[in-house]
Amino acid sequence: MMENLALGAMLFGTAQDERRSFELLDRFVDAGGVWIDTANCYAFWDDPTGFGGQSETLLGRWLASRPGVRDRVRISTKVGCEPTVAGRFPETAEGLSAGAVKSGIEGSLRRLGTDHVELYWAHKPDPATPLEETVAAFDELVSAGTVGRFGCSNYPVWQIARAHGGAGFTAVQQHHTYLQPRPATRPTVVHRFGAVTDEVLHYLEHHPDMALWAYTPLLSGRYTRADKPLPAEYDHPGTARRLVVLDEIAAKTGTNRNRVVLAWLTGGNPAATPIVGVSTVEQLDEAVAGVSLELTADQRERLDSAG
């Protein structure tokens, strides 16, 4: 089994049609893939209704059409960001009250056509709901067997720490990649507290029981595609130095930037599980090759010390 890579299903059922989505899911499982990551709000911004659920619904159809495959995969989904009024996100996001968590999982299980998910995430902080209420609601789902464990995405470290351990968060999902934005800026792809910072890394290094999942690890193709330039926040000398080393290691390993970035993530301390969103079988095969690549200690030191 390949447990160090998650297939991002965000655009399945919207930007990715059913035929292509099924093809990618089949290929992922055939390659030994286990984790499939989605959310109840995916992808409300891409659907004419203004509401989400398309990704989970498509996954449900795929699971139903592949007898036995549910036992081979693990489902990761999220609650908290589904709009309650079309066209008014984030101000009408469902949030993380006990009621929202309960109705959220009921809807997700119905769309997925399953009675449980292995990992359930609080999608982003809900300032209107006490953290204790959210954690208690998630813990009830674990006690009932509906959820295997739960984690948080886009959370500040102080909230992660407050809700970690015992009946609490066991995983954190943030944006993490090799390049670093210019100081005093943050990546445009993330929520306010969504980036992996030194503070996040420090916390995880001292709490090895907390898993790290990394979204947008390949910057939506910007490492390798000339038609997709890096965002402005990466326009600084450190980026140039890191790309030189990245290209050097890619040449030495006979691979490319994407594969080296994924190998750097999965072999790091803390090790990360990258979530890759792909639109072609070739992209998926490259991701599988990336998490299978093992960097030497010297190569990792070169990458870590650049920039």
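Contact here means heavy atoms within 4.5 Å. By that criterion, and leaving out residues up to four places away in sequence, Y120 touches T77, K78, V79, V101, G104, I105, F138, L141, V147, R149, F150 and G151. The model is predicted: local features need pLDDT of at least 70, side-chain atom pairs count only at pLDDT 80 or more, and totals for chains, interfaces and linings use all residues. Residues are numbered from 1 along each chain as its sequence is written, and side-chain values use heavy atoms, with hydrogens and water left out.

**Nonpolar cores**

- A nonpolar core is a set of buried Ala, Val, Leu, Ile, Met, Phe, Trp, Tyr and Cys residues joined through side-chain atoms within 4.5 Å; buried means under 20% relative accessible area, with a 1.4 Å probe and protein chains only.
- The largest nonpolar core has 77 residues, and Y120 is among those with the most contacts inside it, together with I36, W62, F169, Y178, Y223 and L303.
- Helix 8 (residues 257–266) gives this core its largest share, six residues.
- Apart from this core lies another, of 11 residues, including V34, W35, A195 and Y215.

**Helix 1 against helix 2**

- Helices (H or I, at least four residues) and strands (E, at least two) are DSSP runs, numbered from the N terminus.
- Helix 1 (residues 18–30) packs with helix 2 (residues 54–65) at an angle of about 60°, and their axes are 11 Å apart; axes are lines fitted to C-alpha atoms over the stretch in contact, and angles run from 0 to 180 degrees between N-to-C directions.
- The two helices, helix 1 and helix 2, are therefore oblique to each other, a class left after roughly parallel (under 35 degrees), roughly antiparallel (over 145) and roughly perpendicular (65 to 115).
- On the helix 1 side, E18, S21, F22, L25, D26 and V29 meet L58, L59, R61, W62 and S65 of helix 2.
- By class, this contact has six nonpolar, two polar and three charged residues, where Ala, Val, Leu, Ile, Met, Phe, Trp, Tyr, Cys and Pro count as nonpolar, Asp, Glu, Lys and Arg as charged, and the others, Gly among them, as polar.

**Backbone features in loops**

- The peptide bond from Y42 to A43 is cis, with omega near -10°, and A43 sits in the loop between strand 2 (33–37) and helix 2.
- A cis peptide bond also runs from N269 to P270, with omega near 5°; P270 belongs to the loop between helix 8 and strand 8 (272–276).
- T216, a residue other than glycine, has a positive phi near 50° and lies in the loop between strand 7 (211–215) and helix 7 (237–253).
- L219 likewise has a positive phi near 50°, is placed in the loop between strand 7 and helix 7, and counts as buried at 2% relative accessibility.

Notes: Buried means under 20% relative accessible area, exposed over 50%, partly exposed in between (1.4 Å probe, protein chains only).
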